[in-house]
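Here are my notes on this entry, point by point. Please read them with the model open.

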Amino acid sequence: MITRQRLAAGTCALLAALTAGLAFPAAAAAGEPTGEDAPKVNLVLDVSGSMRAKDIDGGTRMAAAKQAFNEVLDATPEEVRLGIRTLGADYAGDDQKTGCKDTAQLYPVGPLDRTEAKTAVATLVPTGWTPIGPALLKAADDLDGGTGSKRIVLISDGEDTCAPLDPCEVAREIAAKGIGLTIDTLGLVPNTKMRQQLSCIAEATGGTYTSIEHTDELTDRVNQLVDRAADPVVTPVATEGTDRCAKAPTLESGLYTDREEFGQQRWYRVDVNPGQELRASVSVAADRAVNPDYGVLLRAVTERGREIVRGEATGNGRTDVISTGLRYPKAESDDEDAAPAETVCLQVTNSFSTASGVQSTPGLPLELTVDVVDGPSGSGDVASFGLGRGWWLLGALILTGFVAGVLWGWVSRWRVAVWRTN
């Protein structure tokens with residue numbers, strides 16, 4: 001009787017669980033990204049008329065792109081939300097205004113149906129213009145929303161044909177939005193002008209440029225970029241510094257992005273409690289042609305303007321990014337209850353200047369890292385007579401020298417005694 005009651009109770013519990021499972025959608029598995037934080041990749045493919053050229057492994061550029069896309073779609077990680085956008089795929093006429101609107105979403109960014117995506121790619125035929133700028137604007141809109149990483153992979157075989165809309169300026173505008181979007185570019189059988197344009201697009205958003213001359217190179221590189229999107233990344237938070245500390249935003253530990261005009265000062269505030277240490281670093285990128293001999297200065301000052309510590313770096317035009325940092329440990333207070341946090345003002349200044357004919361707006365991309373950690377833990381981290389933990393090494397050397405001296409003395413006396421005996 002008891003067994004039957006237990007069996008009936010178990011059956012009821014099972015039915016209840018099944019009912020609940022049907023009534024409510026199953027929650028995402030632990031560690032599985034949801035739609036909001038899933039990484040997103042938008043593959044932007046040039047389908048202009050020049051893709052008919054037969055100069056990649058004996059076949060057309062379009063055939064190489066299709067083969068690479070099929071292999072990439074098979075290898076795309078399950079957690080990646082992938083989309084495909086085309087440019088120059090539909091309009092074959094001579095009207096530039098119409099041709100520069102020729103960009104379409106071939107496959108929407110979302111969970112990947114590999115068969116459907118491959119079928120869509122198979123229908124592509126090289127057709128029209130090369131509206132890279134408009135395509136990038138639409139591709140960025142395709143990735144709007146969500147908190148996960150966002151990446152555009154642009155594959156083209158020629159420079160943009162829709163001037164005056166400069167795709168490099170478009171990329172800078174996208175970067176200035178602070179949405180954490182990276183654009184990587186791949187040039188098929190590149191020439192000098194195309195290489196310069198695609199490199200500029202990538203550099204403006206912190207992406208990479210790759211020259212492609214073989215199908216397997218295209219496949220491998222796109223796979224790498226798609227896999228990279230699935231890796232956990234820290235997305236910078238857009239902030240806006242001010243012209244003086246009193247109005248500056250207060251930042252917590254994290255990674256921040258901003259734009260700084262040429263020769264401008266930007267101020268930020270950080271609260272540091274007694275016993276904590278502020279670690280800050282800044283990187284300013286030259287995303288356009290600038291004059292050589294430039295620098296960046298990062299200062300930590302009090303609210304009253306007294307400088308605490310500074311970090312500075314200079315460049316001579318050989319690098320596109322210049323970085324510096326600083327550390328400020330705040331001593332512990334004897335009266336912990338009454339010890340207030342100290343507001344530290346961070347000032348970022350650059351000495352970049354534009355080359356002739358180069359636009360000065362928008363400002364240069366700036367990335368600021370702020371980390372407030374526990375400070376040195378007293379005697380364990382305090383330097384002793386300037387040696388700190390070096391005392392351990394010094395003691396070991398002294399002991400080693402003493403033992404070696406004793407052994408050498410004993411061996412010497414033994415050798416002398418043997419010599420005298422002989």
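1. Start with R85 and D142. They form a salt bridge, with the closest N and O atoms 2.7 Å apart. R85 is buried, at a relative accessible area of 7%. D142 has 17% relative accessibility, and it therefore counts as buried too, the cut-off being under 20%. Bear in mind that this is a predicted model.

2. Next, R61 and D157. Their salt bridge has its closest N and O atoms 2.8 Å apart. This pair also links distant parts of the chain: R61 belongs to helix α2, D157 to the loop between β4 and α6, and 96 residues separate them. R61 is buried at 11% relative accessibility. D157 is buried as well, with a relative accessible area of 6%.

3. K118 lies in helix α4 (residues 114-122) and D74 in helix α2, so the pair ties together parts 44 residues apart in sequence. Here both partners are partly exposed: K118 has 25% relative accessibility, and D74 has a relative accessible area of 46%. The total count comes to 15 salt bridges.

4. Helix α8 (residues 215-230) passes a simple length check. At 1.5 Å a residue, its 16 residues should span 22 Å; the end C-alpha atoms are 23 Å apart, which agrees. Its buried residues are T215, L218, T219, R221, V222, N223, L225, V226 and A229. An α-helix has 3.6 residues a turn, so residues three or four places apart point the same way. Read the list of buried positions in α8 with that in mind.

5. What covers the buried residues of α8? The cover includes strands β1 (40-46), β2 (81-87), β4 (150-156), β5 (181-188) and β6 (209-212). Helix α2 (61-75) is also among the covering elements.

6. Now the open sheet. Five strands form it, in the order β7-β8-β15-β10-β13, with mixed pairing. β7 (237-238) and β13 (321-329) stand at the edges. Each has a single partner strand, so one side of each is left without a neighbour in the sheet. β7 runs parallel to β8 (residues 254-260), and two bridges join them. V237 has Y256 as its bridge partner in β8.

7. Two backbone angles deserve a look. Most residues other than glycine have a negative phi. D57, which is not a glycine, has a positive phi of about 55 degrees. D57 is found in the loop between β1 and α2. V189 also has a positive phi, near 45 degrees. V189 lies in the loop between β5 and α7 (192-204). At 27% relative accessibility, V189 counts as partly exposed.

8. Last, A163. Is A163 buried or exposed? Its relative accessibility is 58%, so A163 counts as exposed. A163 lies in the loop between β4 and α6 (167-176). A163 and G133 are 30 residues apart in sequence, and their C-alpha atoms are 8.8 Å apart in space.

Methods: Residues numbered from 1 in each chain as written. Predicted model: local features only at pLDDT ≥ 70, side-chain atom pairs only at ≥ 80, totals over all residues. Heavy atoms only, no water. Pairing = 2+ DSSP bridges. Helix = DSSP H or I, 4+ residues; strand = E, 2+ residues; numbered from the N terminus. Expected span 1.5 Å × (residues − 1). Buried < 20%, exposed > 50% of the residue type's maximum accessible area, 1.4 Å probe, protein only. Contact = heavy atoms within 4.5 Å. Salt bridge = Lys/Arg side-chain N within 4 Å of Asp/Glu carboxyl O.
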